[in-house]
Amino acid sequence: MSGTAKKVTDVAFKASKKIDWDGMAKLVVSDEARKEFANLRRAFSEVNSQLETKFSQEPEPIDWEYYRKGIGPRLVDMYKEAYDSIEIPKYVDTVTPQYKPKFDALLVELKEAEEMSLKESERLEKEIADVQELKKKISTMTADEYFEKHPELKKKFDDEIRNDYWGY
């Protein structure tokens with residue numbers, strides 16, 4: 001196996017081991033997102049298996065003696081010399097250095113968005129709990145009890161009454 005192909009296969013193999021597919025699947029909420037997630041996982045597996053099968057096998061060595069007997073040594077030696085002179089260029093990654101800083105910046109932005117989302121979720125859950133509590137008590141609640149929980153409304157109503165503003 002050539003060095004580059006082995007590296008590609010090793011990286012793909014290690015990447016597949018580091019991905020917590022089950023953990024990510026638990027975070028997916030909607031049916032459409034689950035479908036897309038399954039498509040992503042299947043595509044990743046297909047590419048990974050292609051990398052493992054295509055690049056993990058060593059090419060079979062050429063039996064030059066067999067061809068020398070059948071074709072003739074002069075022509076086979078010419079092909080062998082040409083074959084041996086082939087140099088497969090090493091892959092130089094120029095793309096990753098360009099996009100790595102952008103990717104890292106996106107990861108930071110993602111973390112910030114996640115934190116904001118968690119804070120907003122907490123706020124909304126508290127608000128839902130408050131509304132559910134209010135729903136249970138609303139039929140027996142007095143105006144004073146309601147205004148205790150919502151002093152801004154009491155102030156607004158008091159200002160309107162004080163200013164003789166009755167909404168028309």
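A term to keep handy: a residue is buried under 20% relative accessible area, exposed over 50%, and partly exposed in between (1.4 Å probe, protein chains only). You're looking at a predicted model, in which local features need pLDDT of at least 70 and side-chain atom pairs count only at pLDDT 80 or more, while totals for chains, interfaces and linings use all residues. Numbering starts from 1 along each chain as its sequence is written, and side-chain values use heavy atoms, with hydrogens and water left out.

**The whole chain**

Start with a cartoon view. The protein has 8 helices and 0 strands (helices are DSSP runs of H or I with at least four residues, strands are E runs of at least two, and both are numbered from the N terminus). Of the 168 residues, 9% count as buried.

**Select α6, 95–137**

Go to Arg123 and show side chains. Arg123 forms a salt bridge with Glu127, the closest N and O atoms being 2.8 Å apart; the term takes a side-chain nitrogen of Lys or Arg within 4 Å of a carboxyl oxygen of Asp or Glu. Because they sit 4 residues apart in helix α6, about one helical turn separates Arg123 and Glu127. Arg123 is partly exposed at 41% relative accessibility, and so is Glu127 at 40%.

Now slide back to Asp104, which makes a salt bridge to Lys100 with 3.5 Å between the closest N and O atoms. Here too the two residues are 4 apart in helix α6, so about one helical turn lies between them.

Next, pick Glu133 and Lys149: another salt bridge, at 3.1 Å between the closest N and O atoms. Lys149 is in helix α7 (residues 143–149) and Glu133 in helix α6, so this pair ties together parts 16 residues apart in sequence. A search of the whole structure finds 15 salt bridges.

While you're here, colour 107–144. An unreviewed UniProt entry annotates that span as "coiled-coil region" (positions follow the numbering used here, feature names are shortened, and annotations may be inferred rather than shown by experiment). Its end C-alpha atoms lie 49 Å apart, and the span is 87% helix and 0% strand.

**Select Arg68**

Is Arg68 buried or exposed? It's buried, with a relative accessible area of 19%. Arg68 sits in helix α4 and joins Glu65 and Asp77 in a network of salt bridges. Leaving aside residues up to four places away in sequence, Arg68 touches Pro73, Val76, Asp77 and Lys80 (contact: heavy atoms within 4.5 Å).

**Select the nonpolar patch**

Pick Ile62, Tyr66, Tyr67, Ile71, Leu75, Met78, Tyr79, Tyr83, Ile86 and Ile88: together this surface patch has about 1100 Å² of accessible area. Patch residues have over 30% relative accessible area and no salt bridge; like charges are joined within 9 Å, nonpolar side chains (Val, Leu, Ile, Met, Phe, Trp, Tyr) within 5 Å. Helix α5 gives the most, with 4 residues. Ile86 is in the loop between α5 and α6, and is exposed at 55% relative accessibility.

**Last stop: the rings**

There are 6 aromatic pairs in the structure. Tyr146 and Phe147 make an edge-to-face one, 6.2 Å centre to centre with 65 degrees between the planes. Rings of Phe, Tyr and Trp (its six-membered ring) pair with centres within 6.5 Å; planes under 30 degrees apart are stacked, over 60 edge-to-face, the rest tilted. Finish on Trp21, Phe37 and Phe44, which form one aromatic cluster.

Key:
Areas by Shrake-Rupley, 256 points an atom, 1.4 Å probe, with all protein chains shown as cover.
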